[in-house]
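Subject: Structure for you to look over

Hello,

Below is the structure I said I would hand over. My notes on it follow; please read them with the coordinates open.

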Amino acid sequence: MEEADNSTIDPACLQEPPLAMDVIKQLDEFGMCLYAMLTFMSCMSLLLYLEQCVYIYKKMPYPKKTTIIWVNGAAPVIATMSCFGMWIPRAVMFTDMTSNCYFAVVVYKVLVLLIEELGGSDAFLKRFSGKTFKITTGPCCCCCLCLPRVPVSRGMLFLLKLGALQYAILKTVLSVLSIVLWTNGYFDLSDLEITGCAIWINPFIGVLTITSLWPVAIVFMNTNHLLRSLNIIPKYAMYQLILVLSQLQTSIINILALDGTIACAPPFSSQARGSMLSQQMMIMEMFIITLVTRFFYRRTYDTLPSPAHNDHQDKVGAPLQAAHMEHDV
C-alpha cells in the first residue's frame, strides 16, 4: 500500500510535447525506418499530386480544372501536414488546423464540382427547371422523411452554395482565433471546464461541419444518376472517406488520449502520443487515397449532353421507334 501511495508519475507524462531534436534522439532502428517510410509516403503523395496538377491544367477546361485541383489536393495536403506534425510534435496545433482549413474549402469545392460537371449554374438550373429535390439526406435530415421536396430555383442553389461556403470561411476564422488563444494559454483541448475556450469553439465547429455537409449531400443524391459515366460515385466516396479519417478518426484518438486509454510513453505524454499515432496513421491512409483518386481523376471524360440535346434525341428517336414497331407487326 505504501509503495502504491509513494508511486509517482513520470514527469515527462505531464510535460508539453517534445522538441523535434528530442524525438530524433530517442528513435531506435525500427523508429528510424518507420519515420523514413512515412516521410517517403508523404513526399510521394505530394509529388504525385503536383504531377497530376500539371496534367489537369493541360487537359481540363477552365474553371473545372481549378476545382478538380482543389479537390485532389485534400489527401496530399493532409499527408504533408501530418508528416510535419510527426517530426515536430509542438507544431501539431498549426498542422492540424492547416489541414482542417484546407478540407473546409474542399467541402465547398466538391459542391462546385458537382454543379460544374452538369455544365455550371445556368445549365444546372435549366436542366432541373420545374423539378424538385429531395432533402431528406444525411447528415442533418436523413430521418426526417416528412420533409417536402424543394423546387429547384436560383435562390435554392444560392442557399446550397452558402451552406457549404460558410464552413470554409468560419472554420478558417475560428482556427486563427484558436491559435491566438492557444499562444496565450487560453485554448487547451484537455481543458473541458465550462470556462475553457475549447469546450465552446469545438462544438460550434461541429455544427458548422454538419451544416456544410448537408448541401453537398443534397446535390449529390439528386444528381448522381446523371454523373455515373464520370465515376462520380467513387470520387464522392473518396471525399467521404477523407472526411471520416481526418475528422472522426482524429477525434476518437484525441478522446482516448485525454481519457488516458493511450498510455504515456516518455518523452511523449498521453496526449502527445495519441497525436503522434494519429499523424502516422493519417500519412498511410492519405497515401493510399492519393493513389486511388489519381486513378479516377487523371483521365478525361466526355461532357454530359445538354437537356436540349436529350430532348432532340428523344424527338428523333420516337418516330424511328414507332416505324420499327409497325414493321415488326
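I start with Ala 75, which is in contact with Ile 242, Met 286, Ile 289 and Thr 290, its neighbours within four places in sequence being left aside. Contact here means heavy atoms within 4.5 Å. Ala 75 sits in helix H5 and is buried, at a relative accessible area of 2%. For accessibility, buried means under 20% relative accessible area, exposed over 50%, and partly exposed in between, with a 1.4 Å probe and protein chains only.

Before the rest, the conditions. This is a predicted model, in which local features need pLDDT of at least 70 and side-chain atom pairs count only at pLDDT 80 or more, while totals for chains, interfaces and linings use all residues. Residues are numbered from 1 along each chain as its sequence is written, and side-chain values use heavy atoms, with hydrogens and water left out.

The chain as a whole

The chain has 12 helices and two strands, in the order α-α-α-α-α-α-α-β-β-α-α-α-α-α along the sequence. Helices (H or I, at least four residues) and strands (E, at least two) are DSSP runs, numbered from the N terminus. Of the 329 residues, 44% count as buried. The accessible surface is about 18100 Å², and carbon and sulfur atoms account for 67% of that surface; the areas come from the Shrake-Rupley method with a 1.4 Å probe, and for residues only the protein chains shown count as cover. Among contacts between residues at least 6 apart in sequence, 76% join residues at least 24 apart.

Helix packing

Two packed helices are described by the angle between their axes and the distance between the axes. The axes are lines fitted to C-alpha atoms, for helices over the stretch in contact, and angles run from 0 to 180 degrees between N-to-C directions.

H3 (residues 29-59) and H5 (residues 74-87) have axes that come within 9 Å and cross at roughly 150°. H3 and H5 are therefore roughly antiparallel to each other; angles over 145 degrees count as roughly antiparallel, under 35 as roughly parallel, 65 to 115 as roughly perpendicular and the rest as oblique. H3 passes H5 in a left-handed crossing, a crossing being left-handed if the near helix is turned anticlockwise from the far one by less than a right angle, and right-handed if clockwise. Residues making the contact include Tyr 35, Leu 38 and Tyr 49 of H3 and Ala 79, Cys 83 and Trp 87 of H5. By class, this contact of H3 with H5 has nine nonpolar, four polar and no charged residues. In that classification Ala, Val, Leu, Ile, Met, Phe, Trp, Tyr, Cys and Pro count as nonpolar, Asp, Glu, Lys and Arg as charged, and the others, Gly among them, as polar.

H3 also packs with H11 (residues 270-297), at an angle of about 30° and with the axes 10 Å apart. H3 and H11 are therefore roughly parallel, and H3 passes H11 in a left-handed crossing. Among the residues in this contact are Leu 34, Met 41 and Glu 51 of H3 and Met 276, Phe 287 and Arg 294 of H11. The classes in the contact of H3 with H11 are 13 nonpolar, six polar and two charged residues.

H9 (residues 198-223) and H10 (residues 232-259) pack at about 165° with their axes 12 Å apart, and are therefore roughly antiparallel. The crossing of H9 and H10 is left-handed. The contact is made by Leu 213, Val 216, Ala 217 and Phe 220 of H9 and Ile 232, Ile 233, Tyr 236, Tyr 239 and Leu 243 of H10. The contact of H9 with H10 has nine nonpolar, no polar and no charged residues.

Backbone and loops

Most residues other than glycine have a negative phi, and most peptide bonds are trans. Asn 231, in the loop between H9 and H10, has a positive phi of about 55° although it is not a glycine. The peptide bond from Tyr 62 to Pro 63 is cis, with omega near 5°, and Pro 63 is in the loop between H3 and H4 (64-72).

Regards
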